[in-house]
Amino acid sequence: MSTRALRGAGCGTIWPMSKTTTGKTNAGNSFEDFTVGRVIEHATPRTITEGDRALYRALYPTRFALPSSAEFAHSVGLEQHPVEELIGFHIAFGKTVPDVSLNAVANLGYAECRFHQPVVPGDTLRTKSEVIGLKQNSNGKTGVVYVRSTATNQRGEVAIDWCRWVMVNKRDEDAPAPEPFVPDLKPALAATDLKIPAGPDFTAYDEVAAGEKHRFGDYEVGEKIDHVDGVTLTDPEHMLATRLWQNTAKVHFNTQARPDGNRLIYGGHVISMARALSFNGPANAQLIAAINAGAHVAPAYADRTIYARSEVLDKAETDAPGVGALRLRLVATRGRDESMTLRGEDGKYADGVLLDLDYWVLIPI
Amino acid sequence: MSTRALRGAGCGTIWPMSKTTTGKTNAGNSFEDFTVGRVIEHATPRTITEGDRALYRALYPTRFALPSSAEFAHSVGLEQHPVEELIGFHIAFGKTVPDVSLNAVANLGYAECRFHQPVVPGDTLRTKSEVIGLKQNSNGKTGVVYVRSTATNQRGEVAIDWCRWVMVNKRDEDAPAPEPFVPDLKPALAATDLKIPAGPDFTAYDEVAAGEKHRFGDYEVGEKIDHVDGVTLTDPEHMLATRLWQNTAKVHFNTQARPDGNRLIYGGHVISMARALSFNGPANAQLIAAINAGAHVAPAYADRTIYARSEVLDKAETDAPGVGALRLRLVATRGRDESMTLRGEDGKYADGVLLDLDYWVLIPI
Amino acid sequence: MSTRALRGAGCGTIWPMSKTTTGKTNAGNSFEDFTVGRVIEHATPRTITEGDRALYRALYPTRFALPSSAEFAHSVGLEQHPVEELIGFHIAFGKTVPDVSLNAVANLGYAECRFHQPVVPGDTLRTKSEVIGLKQNSNGKTGVVYVRSTATNQRGEVAIDWCRWVMVNKRDEDAPAPEPFVPDLKPALAATDLKIPAGPDFTAYDEVAAGEKHRFGDYEVGEKIDHVDGVTLTDPEHMLATRLWQNTAKVHFNTQARPDGNRLIYGGHVISMARALSFNGPANAQLIAAINAGAHVAPAYADRTIYARSEVLDKAETDAPGVGALRLRLVATRGRDESMTLRGEDGKYADGVLLDLDYWVLIPI
């Protein structure tokens with residue numbers, strides 16, 4: 001699991017916190033506000049609609065047949081028409097920002113993110129987080145907070161859960177350090193850990209409609225695919241996206257919130273852009289089943305052109321009919337690197353790498 | 001009631017009107033086209049959808065639980081899921097622009113705006129305006145037109161009504177002045193004037209979901225709240241918003257329509273941005289019941305960073321179960337002013353003040 | 001029919017194609033991949049929703065009453081509420097890009113585009129194309145491909161069909177030329193060729209709601225209307241639109257894809273903008289029935305201000321009650337030209353002309 005800072009993913013306080021005047025604004029939690037076992041119920045519940053699907057299409061060049069077409073979804077056994085998994089993830093994640101990472105210095109990692117069932121229009125998501133680990137840093141000024149967050153729908157069923165850990169400022173440097181506790185998180189979920197939603201049956205999969213003939217059997221572990229296309233980022237677009245997920249971190253919206261006057265692009269915007277670009281490649285990777293780990297290696301800003309590539313890390317069959325799982329590394333870069341170098345000889349990420357995401361997708365066998 | 005010009009709120013002719021070639025384009029009404037008692041039915045009826053809610057979320061950092069979550073709306077007694085009140089207001093207002101303010105020099109004020117019932121997806125709004133006052137200016141070139149506008153839904157029920165007055169050019173300076181008539185408008189609606197929609201019952205209000213523990217009893221008249229967060233404006237975003245409301249005033253879209261080459265931002269964009277920013281404060285102010293008055297004190301342009309603050313002006317209980325009303329002053333500024341100065345010693349608005357809005361909201365007791 | 005290049009309309013390879021690494025990305029078709037009679041089923045089916053309608057409203061200043069109001073649509077005999085015809089067209093067209101024009105040097109023309117029935121939210125569109133003509137160019141490097149594309153809905157009914165022809169690169173200059181075959185396409189559809197959808201009955205047409213009193217009988221062949229209003233283009237807006245239609249041509253999104261570093265604006269964005277601006281004119285032209293021909297005369301870029309004008313080319317009654325048809329020329333220009341000059345004395349398009357579109361609309365008699 002990467003310990004690189006996940007800059008740009010709901011991390012809100014690179015600049016100093018301002019004083020509020022009457023204590024009626026949210027000051028966020030500081031390191032000493034977290035205790036292992038504490039459960040935080042996050043505001044605000046949010047209903048997903050067809051409007052979210054349309055905006056996602058406008059913001060990202062996605063063409064995966066399943067979220068694009070209700071007919072296609074029905075043809076693979078899904079009664080209702082799911083939205084892209086990342087819509088649910090960004091919304092569920094956004095809710096945790098005001099309580100977990102408003103005073104974060106850095107987002108350090110994700111682990112064990114599972115998509116338990118597809119999110120469909122009409123679903124209302126709520127998120128709660130349990131503190132599962134704490135470790136004060138040796139400088140005495142900050143500490144690492146580990147949380148497991150769970151998004152549930154209006155029936156109380158789990159839709160998505162995930163762990164993340166963030167570095168958070170202390171309010172009072174003299175406050176005593178808590179007993180350190182670092183949870184045991186999996187470097188990657190095994191294929192047997194995946195929650196395959198009820199429904200998907202890829203036995204009558206229409207690869208013509210999906211636009212891609214390569215299936216599970218056509219991919220080999222170690223194979224790399226350059227997704228070729230690039231998108232040049234703009235500020236209005238990432239702000240529209242980030243607001244849509246009700247993510248409030250100021251650095252994404254306010255040019256006065258950072259010394260360089262640039263808006264920092266929400267890391268999830270880069271994830272969604274790279275995932276959409278990956279259609280020009282494994283276009284049959286219709287559903288995201290899990291995120292094993294993710295590092296926002298470098299910050300992204302407007303006017304940079306993002307490219308993406310994938311590497312097949314693992315593959316496994318599942319119990320669902322005709323459904324295989326591929327574990328992919330999705331890498332986003334600033335500018336295209338046809339050599340597809342991830343790290344230099346020194347083991348550090350190559351210049352230009354923005355995102356290194358390790359995830360499981362479902363694909364027809 | 002402010003008599004400051006409401007620049008930027010559907011005011012369309014800072015530049016000279018062009019000649020149309022065959023009389024088949026809308027030239028708007030000039031001062032002499034208005035007579036007291038004249039009723040204008042505005043085009044175009046407009047159906048509200050979930051797409052409007054999604055776009056509103058993308059454009060403004062709103063997180064109020066009631067418009068965010070259908071489940072939350074049901075939990076406070078609303079069968080259907082209302083959209084933000086300002087969606088209805090901007091749409092209803094936009095319809096009046098081609099007939100009322102296309103030739104306006106300035107929007108001078110609002111009064112007596114009441115939200116009679118929540119607007120929900122599927123509702124179709126129409127707007128008509130009655131001329132309720134006229135007063136030619138002493139220069140003989142312009143006059144003030146007062147209208148009461150009423151938006152009705154597909155059942156013919158009133159959804160929103162409001163008064164506004166605008167300064168409109170005369171087509172012919174030699175045309176005789178009409179008998180002056182200035183209507184008697186209330187400086188502010190009393191709490192007893194509010195139309196509390198059927199439904200809201202805040203007795204089982206879920207403040208955890210809403211994200212805020214402060215209720216009616218926690219606010220004192222005179223209290224000021226700095227909403228802390230800022231948003232830097234962009235041109236594409238305000239154009240998306242203004243088109244969504246079918247507001248056609250050219251100064252918002254056309255850099256050739258103004259001598260400085262800047263697009264003037266629709267005043268309603270600033271209202272919605274400030275209202276959304278106010279979530280970091282009275283987040284339980286779930287419904288807007290009325291707008292008493294509003295002044296767009298200075299024009300807004302792209303690249304400026306907007307901040308907001310609120311002042312409690314009045315408070316009152318209502319007949320609805322658990323529902324209180326707060327009268328708030330919502331102030332938007334260009335740049336953050338932690339001193340929260342509204343006016344200087346000379347009585348003029350302080351530099352940087354963009355919006356001074358006086359409105360009633362509903363909040364749990 | 002114009003043989004001017006339709007630059008900007010789904011034309012993807014002004015820059016050199018990059019090599020893909022494992023053959024799992026779409027390289028598009030080259031000239032020698034097309035044979036007369038070949039049918040290509042395009043990915044990806046796409047369900048239309050109310051979110052598309054909302055985004056279209058946000059992107060274009062459209063105020064036509066029929067797509068704006070479900071009530072208005074019902075009042076003219078339509079059970080369901082159609083979206084703008086161009087939403088269907090752009091989506092259907094976008095699907096052809098990866099297979100037909102990814103390697104196109106230029107889009108040369110459209111013909112015989114008919115809207116067979118209104119597209120409504122919930123419809124899922126698929127597109128297939130049949131190659132109906134081929135002609136290698138004398139340089140041996142490129143050839144012209146003629147296709148007839150057909151978009152069908154989830155019931156297998158034709159929604160839209162059209163022809164277009166594009167100039168496509170050869171992969172291998174030494175490949176033999178196919179037998180040339182140029183299909184016989186109509187310069188314009190006759191009124192009797194139009195597919196008037198079941199439903200529209202304009203006998204009780206509400207011109208107050210529509211915002212326009214001029215009807216079929218008020219327009220004369222040869223009449224020109226300047227639509228007066230202008231919109232200054234931005235990059236984020238055209239990208240949002242073009243992605244929404246799942247159009248993947250790189251030149252619209254990637255500043256590295258063109259030597260000048262400008263994003264080329266999708267030609268369909270200009271069509272939709274001009275059509276929306278034409279509301280300030282024939283606002284009763286509620287439905288588009290056909291596109292006879294179209295030329296994207298010059299490329300469009302951000303920061304240019306678009307104006308539009310119309311010329312009445314023909315008119316005819318139809319069998320539908322109260323429904324007449326106008327054949328209009330819709331011209332978009334960069335900057336406003338009140339002289340409404342289309343071509344200079346040399347027969348070439350006047351400087352500033354961006355679009356020359358010949359289409360049929362339905363209007364109340």
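In this predicted model, helix α4 (residues 85–101) of chain C packs against helix α7 (residues 267–277) of chain C at an angle of about 175 degrees, with 11 Å between their axes; helices here are DSSP runs of H or I with at least four residues, strands are runs of E with at least two, and both are numbered from the N terminus. The axes are lines fitted to C-alpha atoms, for helices over the stretch in contact, and the angles run from 0 to 180 degrees between N-to-C directions. That angle makes α4(C) roughly antiparallel to α7(C), a word used for angles over 145 degrees. From the side of α4(C), Leu86(C), His90(C) and Phe93(C) meet Gly268(C), Ile271(C), Ser272(C) and Arg275(C) of α7(C), where two residues are in contact if their C-beta atoms, placed from the backbone, lie within 7 Å. Sorted by class, this contact has three nonpolar, three polar and one charged residues; Ala, Val, Leu, Ile, Met, Phe, Trp, Tyr, Cys and Pro count as nonpolar, Asp, Glu, Lys and Arg as charged, and the others, Gly among them, as polar.

Turning to chain A, one finds eight helices and ten strands. Its radius of gyration, taken over C-alpha atoms, is 20 Å, close to the 21 Å that the globule rule (2.2 Å times the number of residues to the power 0.38) gives for 365 residues, so chain A is as compact as a globular protein of that length. Of the 365 residues in chain A, 62% are buried, meaning that 20 or more other C-beta atoms, placed from the backbone, lie within 10 Å of the residue's own. Among the contacts in chain A with a separation of 6 or more, 81% join residues 24 or more positions apart.

Chain A also touches its neighbour: 34 of its residues are in contact with 38 residues of chain B. On the chain A side, the elements that give two or more residues are β1 (39–47), α1 (50–59) and α7 (235–244), and the residues of that side divide into nine nonpolar, 17 polar and eight charged.

Residues are numbered from 1 along each chain as its sequence is written, and chains are lettered from A and ligands numbered from 1 in the order in which they are written. As the model is predicted, local features need pLDDT of at least 70 and side-chain atom pairs count only at pLDDT 80 or more, while totals for chains, interfaces and linings use all residues.

Key. A residue is buried if 20 or more other C-beta atoms lie within 10 Å of its own, exposed if 12 or fewer, and partly exposed in between; C-beta atoms are placed from the backbone. Angles under 35 degrees count as roughly parallel, over 145 as roughly antiparallel, 65 to 115 as roughly perpendicular and the rest as oblique.
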